[in-house]
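Welcome! Have a look at the chain below, and then let us walk through a few of its features together.

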Amino acid sequence: CCPMYVAMHDDVCVNDETGEEVASSCCGCGENAKLDREYWDCTDSESNRVLPEKCCCSELIQEAKQLYNERMNWYMTTCQIHADDVGKDADGQPLLVDSTRICSAKCQASPLKDLP
């Protein structure tokens, strides 16, 4: 039986609560890996055991994209941000090129309702 919280440390599967080594199969993903959106843990949907984050990687990426899109849509509609107000830096990361609209009183007065 695997403990609830396990993780790989130096290629060894250990119980995160006690630090004791456990069976390597306890650190595997299995077929029931599911992202628990309430606690943001990757869990086994049958046993509720917390799994390594790598087991839910694709779900985490999809969730991050959704959150990013919701927030960007809010800025585009509420603050009337234009596509040319944003760009990318040398590393490809988003960069605010023109802060006029995002710093406007209208945008600053609007709370980010219902967005994480």
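Leu 35 is buried, at a relative accessible area of 4%, where buried means under 20%, exposed over 50% and partly exposed in between, for a 1.4 Å probe and protein chains only. This is a predicted model, in which local features need pLDDT of at least 70 and side-chain atom pairs count only at pLDDT 80 or more, while totals for chains, interfaces and linings use all residues. Residues are numbered from 1 along each chain as its sequence is written, and side-chain values use heavy atoms, with hydrogens and water left out.

**Around Leu 35**
- Leu 35 belongs to strand β3 (residues 33–36); strands (E, at least two residues) and helices (H or I, at least four) are DSSP runs numbered from the N terminus.
- From Leu 35 to Cys 56 the C-alpha distance is 6.0 Å, although 21 residues separate them in sequence.

**Charged side chains**
- The count comes to one salt bridge, meaning a side-chain nitrogen of Lys or Arg within 4 Å of a carboxyl oxygen of Asp or Glu.
- Arg 101 and Asp 85 form a salt bridge at 2.8 Å, N to O.
- This pair links distant parts of the chain, 16 residues apart: Arg 101 sits in the loop between β7 and α2 (105–109), and Asp 85 in the loop between α1 and β6.
- Arg 101 is partly exposed at 26% relative accessibility, whereas Asp 85 is buried at 1%.
- Asp 44, in strand β4 (residues 41–44), is buried yet has no salt bridge, and its nearest side chain of opposite charge, Arg 49, is 4.8 Å away.
- The side chain of Asp 44 does reach the backbone nitrogen of Ser 47, at 3.0 Å.

**The loop between β1 and β2**
- Asp 10, in the loop between β1 (6–9) and β2 (12–15), has a positive phi near 55° and is exposed at 77% relative accessibility.
- Asp 11 lies in the loop between β1 and β2, with a positive phi near 65°, and is exposed at 76% relative accessibility.

**The largest pocket**
- About 280 Å³ of space lies in the largest pocket; on a 1 Å grid over the protein atoms alone, a pocket is an open set of points where a 1.4 Å probe fits, with protein on both sides within 12 Å along at least five of seven lines, and lining residues have an atom within 4 Å of a point.
- Its lining includes Tyr 68, Met 72, Val 86 and Leu 95.
- At least two lining residues come from each of α1 (57–78), β6 (86–88) and β7 (94–96).

Technical notes:
Grid points are joined across faces, edges and corners, and a volume is the space filled by probe spheres set on the points. Lys and Arg count as positive and Asp and Glu as negative; His and the chain ends are not counted. A polar contact is a pair of N or O atoms within 3.5 Å; within protein, one must be able to donate a hydrogen and the other to accept it, and residues adjacent in sequence count only if both atoms are side-chain atoms.
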